[in-house]
Amino acid sequence: MAITASGASPRSLYDPTSELLADPYEVYARLRETAPVRRIVGPDGRPAWIVTRYEDVRQSLADPRLSLDKSRALPGGYQGFGLPPALDANLLNMDPPDHTRIRRFVARAFTARRIEELRRPVRRTADELLDALESGGRESGTLESGTLESGGRADLVASYAAPLPIVVICELLGVPPRDRRDFREWTDALIAPDPARPERMKAAIAAMLAFFTELLAHKRAEPGDDLLSALIAARDEGEEAGGEAGGEASHGGGDRLSEDELMSLAFLILFAGYENTVQLIGNSVLALLRHPEQLAALRAEPGRTAAAVGEFVRYEGPALLAIRRFAVEDLTIAGVTVPAGETVMLSLAAANRDPHRFADPDRLDLDRDTAGQVALGHGIHYCLGAPLARLETEIALNALLERFPRLALDVPYEELRWRPSTRARGLIALPVRF
């Protein structure tokens, strides 16, 4: 067995949790150089392998020998979220052919034309949120030198980055305004669970299950011109055509969706569509505020923002790790043998800052060619909602920069708090003045 530069065997168990929470990029840089495939303590305390070099991560993302199906995992290994069957039968746990079948159902909602049709509604929502932010922020302005500041203050996550994708994804699914919630508490419980409060995750899962059960019942009773109504119709018509009774199977036959798959799909669209976009908007704004020359360039040419989003997702994307995978056979990655059944974590953040793929990777460069970055996946599991997340981020940034020409951080960078997660990269709050 090879010995790394740090003197440890790749099979020895290393717990990077505290270091990752302090500075994930420093840890990933060290692992890329000394142990690009390393056995670690995973996010839930169980053993897993972490892969950090760009070429290895990109190849592994598309390797069919790395399965998303939990049945491929060894007993006692890391498996990720523990969700009930009604929420767990989703694309993040499936390989072909089930993955192909379900992805085909939802792909029609994320065509280029359909996404572009959302441009005006997204911009309208952004402007409405900025109106409210400006009004509330000015009311909270402070006195300096005896005069009221001409601007104001706000938490950009709570007042802008979080509510924008909630409105967009709920309109896409057809969630009535009266039923829309602040999903941050639920997503925080899954992405950044508190080991001292395990009941918090259980309560969040129970709340999500109740929400989606009620939502599906409502959309069946009162269907509309929305994605969820269309999915329900396709599922129910398929059941009638196939004579399937009950719809409780975890996997549908042919082109049909089971009831669990339908609910799990609605959960995934809402959860992923919200979670990734909140973090991407917040991280992108922070990156610009810390790089005034790049901010000035984007203000001067707002038409560059769509292309610049590619650099934002590379530089500080919303996911540190891809969804866990399980080796279906003994396989070798970068000279290290990973036994069948063991869990593999692919570090998207480490790959996107690999200097062998991106020159000077720790520098934000809006002119960089980011082709090949893997922040939102690669291969058949590439994020279906990526075009929508990119559109929302582009519009959110342009609207924000147009409205507030003096936007700046309201606290030192060192005082900002990141979500306590080794899976996701996002701010708890982003205090700004404008």
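1. Helices (H or I, at least four residues) and strands (E, at least two) are DSSP runs, numbered from the N terminus. This is a predicted model, in which local features need pLDDT of at least 70 and side-chain atom pairs count only at pLDDT 80 or more, while totals for chains, interfaces and linings use all residues. Residues are numbered from 1 along each chain as its sequence is written, and side-chain values use heavy atoms, with hydrogens and water left out.

2. Ala334 lies in the loop between S8 and strand S9 (336–338), and although Ala334 is not a glycine, its phi is positive, at about 50°. Ala334 is partly exposed, with a relative accessible area of 41% (buried means under 20% relative accessible area, exposed over 50%, and partly exposed in between, with a 1.4 Å probe and protein chains only).

3. Asp360, in the loop between H16 and helix H17 (386–403), likewise has a positive phi, near 45°, in a residue other than glycine. Its relative accessible area of 45% makes Asp360 partly exposed.

4. Pro96 and Pro97 are joined by a cis peptide bond, with omega about 10°, and Pro97 sits in the loop between helix H4 (85–88) and helix H5 (98–107). As background to these backbone points, most residues other than glycine have a negative phi, and most peptide bonds are trans.

5. In helix H3 (residues 54–61) the buried residues are Tyr54, Asp56, Val57, Ser60 and Leu61. They cover an arc of only 170° around the axis, which puts them on the same side of H3; the arc is that of the directions from the helix axis to the C-beta atoms. These buried residues pack against strands S2 (47–51), S3 (66–67), S7 (325–327), S8 (331–333) and S10 (343–346), and against helix H16 (348–352), where contact means heavy atoms within 4.5 Å.

6. Helix H10 (residues 184–191) packs against helix H11 (residues 198–221) at an angle of about 130°, with the axes 9 Å apart, and that makes H10 oblique to H11. Axes are lines fitted to C-alpha atoms, for helices over the stretch in contact, and angles run from 0 to 180 degrees between N-to-C directions; those under 35 degrees count as roughly parallel, over 145 as roughly antiparallel, 65 to 115 as roughly perpendicular and the rest as oblique.

7. On the H10 side, Glu185, Trp186, Asp188, Ala189 and Leu190 meet Arg200, Met201, Ala204, Ile205, Ala207, Met208 and Phe211 of H11. The residues of this contact of H10 with H11 comprise 9 nonpolar, no polar and 3 charged (Ala, Val, Leu, Ile, Met, Phe, Trp, Tyr, Cys and Pro count as nonpolar, Asp, Glu, Lys and Arg as charged, and the others, Gly among them, as polar).
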